[in-house]
Amino acid sequence: MIPGAPNSSPDAARLLAVLADALEVLLRTNELHGNIQRALAMVGEHANADRSYFFTGVGPQGDLSRISQKIEWVRPGVIPQIDNLDYQNYPLAEKIPRWFDELSRGRPLFGHTADFHPDERPLLEEQQIRSIVMVPIMQNHAARGFIGFDACTRDREWTATDIAVLRALAAGIGGALERHTVETSLSDYASDLLRSRRVALSLMEDAQIAQKRADAANQEKSRFLAVMSHEMRTPLNGILGFAELIASEATGPIREHAGTIQASGHLLLSLISDLLDFSKIEAGRLELAPTDGRLRDHVERVLAIFTPACRNRGIQLRLEFDPTLPTFARTDFLRYEQVLLNLVGNAVKFTTTGGITVRLRPARPDASPDIILTEIEDTGIGIAPEAFNRIFEPFSQAHSRVHQEFGGTGLGLAICKRLVNLLGGDLSVESEPGRGSTFRFTLPLGRATSPAPALSPAPADATPTPPPDARSLRVLIVDDVATNRELAATLLRRMGAEVWLAPDGPTALRLTRETTPHLVLMDVLMPEMDGTEAARAIRAEHPDIPRIAALSADATAENEERCRLAGMEFFLTKPINRRALEHVVRTVLEPRPPA
């Protein structure tokens, strides 16, 4: 037995936490080789492996017909194989065709050495491997490499959780490799984007340090998670915004690369949100914030997001709302919308013909409507019954083909399940392969008084329209992040507007007096004087003009209401949407109706 080698299965929760740390390492843009090696070491050590490694495909098309070992981590006392020349340019398709076929199809290989085919065992035995797992790294739906984990000192059992974690790690390495390729080809065009990414990575590292220091205090950790969410979204605003500008100006491969950065940025934004929510839920630190609201309005706001996509794909999106349900209700509508957004989004993703019906009714026809049932029924690909429980587990999907064809982290339904439970309800699924799925969840509602009308985001119409002529418009942009100021200024100057920039609230007050702007774009979260305080000060001196639009990464109803009460007429979420900004400019340019 090697000293220090563990002999038990790793704790699943701890392994998931280590996976999150490893994925953060893979997001770093420098030293790709070292980042992959660190990630393999972190997961390998906590997965109770003795050796972990990364092989890349060196076949004619970068496939796995031939492979070469590039990276390796070994536990002390285990013989390394990284310098073994036999594993460089190794003819996998010729020597072990079954491994080549399985890995090329995106399927993991795992088991004890004794369970492998006799022709395959010598390769494992000469490395003193007693059990092994290999997971392919997929790029553009093709296997371009694989990661492996060996147990050399005992016969280790590889569980479903182990395989799910290693799949997520392989997906993270594949994303890091693909991002590295794109960033290398765009080095002359993406300097601003790379600077923003480095800022984001630096903030993530600082946040990780702060998280370790805040473990002793629940209140401190909750505050830290909220700040981390805002700070990671802030640089992503610059990344996505400037990528859109590059895409609008460039042609050919550069435009395609910029589109890839946009798509990857949105995926990263979604992953950040999912990981933060999942971490808070698992730690028991996600606090609900019930508010009063119109139930139907919140449902229709979610469905409006998917209406253009459904129209373009030729599928119907219907709402059936039982008239006996209360008009006003009290619950955490932000979390309700989050669950509905995820479930309807999945229905749209997996449905190509037919339609989707969202149905709200009392949970029991003969009972009070204070407990409602929400159903999302689709005519999509469906789910096999044996996968019903698995799909609600973290990093799990119905089967491997779902990830290969549709992508995703496997966290969405796990978060939905836990959020519904926190809200006091239950989430279940009924489905059959090829016949669609129905997800349904219950939700207790509290009694509400008549709420004030919610401040809605400016609509982002999917129909292309020319930008407004804003040559007569004076705009003041207030944001403590220079990248955000420059992005908004670039968009506004393209419309012809005259623009001033302020890095903080006091400067904004001075420039408002000096330049008399027609419109102020106000960042909500700033040091010293925040956006709501600055807006109130401007309104105290100038009751009607300028008109003020809030800029915030926090799209909650509570934040919108705070901005409305501070005198902000419009609400724009970060990353800033060009069409939403154009809508605000058009509104400001239109004459106001007489009071």
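This is a predicted model: local features need pLDDT of at least 70, side-chain atom pairs count only at pLDDT 80 or more; totals for chains, interfaces and linings use all residues.

Biologist: OK, and how many bridges join β13 to β14, and do they run parallel or antiparallel?

Modeller: Strand β13, which covers residues 474–478, is joined to β14 by five bridges, and the two strands run parallel.

Biologist: What is the order of the strands in the open sheet that has β14 and β13 in it?

Modeller: The order is β14-β13-β15-β16-β17, which makes five strands with parallel pairing. At the edges stand β14 (498–502) and β17 (570–573), and each of them has a single partner strand, so one side of each is left without a neighbour in the sheet. From one strand to the next, the twist averages 20 degrees.

Biologist: Which helices lie across those strands?

Modeller: Helix α15, made of residues 505–515, lies across β13 and β14 and runs at about 150 degrees to β14. Helix α16, made of residues 531–541, lies across β15 (519–523) and β16 (547–552), and its angle to β15 is about 155 degrees.

Biologist: And how do α15 and α16 sit against each other, roughly parallel or roughly antiparallel?

Modeller: Their axes come within 9 Å and cross at roughly 25 degrees. Angles under 35 degrees count as roughly parallel, and α15 and α16 are therefore roughly parallel to each other. The crossing in which α15 passes α16 is right-handed.

Biologist: Which residues meet there?

Modeller: On the α15 side they are G505, L509, T512 and R513, and these meet A534, A537, I538 and E541 in α16. Sorted by class, the residues of this contact of α15 with α16 are four nonpolar, two polar and two charged.

Biologist: Let's change topic. What is the pairing in the open sheet that runs from β7 to β11?

Modeller: In that sheet the pairing is mixed, and its five strands follow the order β7-β9-β10-β12-β11. The edge strands are β7 (316–321) and β11 (427–432), each with a single partner strand, so one side of each is left without a neighbour in the sheet. On average, and ignoring direction, neighbouring strands of this sheet are turned by 15 degrees against each other.

Biologist: Where does helix α11 lie?

Modeller: Helix α11, residues 333–350, lies across β9 (355–362), β10, β11 and β12, and it runs at about 20 degrees to β10. Helix α10, residues 295–313, packs with α11 at an angle of about 20 degrees, with the axes 10 Å apart. That angle makes α10 roughly parallel to α11, and the crossing of α10 and α11 is right-handed.

Biologist: What classes of residue make that contact?

Modeller: The contact of α10 with α11 has 13 nonpolar, two polar and four charged residues. Among them are L295, V299 and F306 of α10, together with F333, L340 and V344 of α11.

Biologist: Last one: how many aromatic pairs does the structure hold?

Modeller: It holds five aromatic pairs. One of them is F55 with F146, a stacked pair with 5.1 Å centre to centre and 5 degrees between the planes. F55 lies in strand β1 (residues 51–57) and F146 in strand β5 (residues 142–151), so the pair ties together parts that are 91 residues apart in sequence.

Technical notes
Residues are numbered from 1 along each chain as its sequence is written. Side-chain values use heavy atoms; hydrogens and water are left out. Two strands pair if DSSP finds at least two bridges between them. Helices (H or I, at least four residues) and strands (E, at least two) are DSSP runs, numbered from the N terminus. Axes are lines fitted to C-alpha atoms, for helices over the stretch in contact, and angles run from 0 to 180 degrees between N-to-C directions. Contact means heavy atoms within 4.5 Å. Angles under 35 degrees count as roughly parallel, over 145 as roughly antiparallel, 65 to 115 as roughly perpendicular and the rest as oblique. A crossing is left-handed if the near helix is turned anticlockwise from the far one by less than a right angle, and right-handed if clockwise. Ala, Val, Leu, Ile, Met, Phe, Trp, Tyr, Cys and Pro count as nonpolar, Asp, Glu, Lys and Arg as charged, and the others, Gly among them, as polar. Rings of Phe, Tyr and Trp (its six-membered ring) pair if their centres lie within 6.5 Å; planes under 30 degrees apart count as stacked, over 60 as edge-to-face and the rest as tilted.
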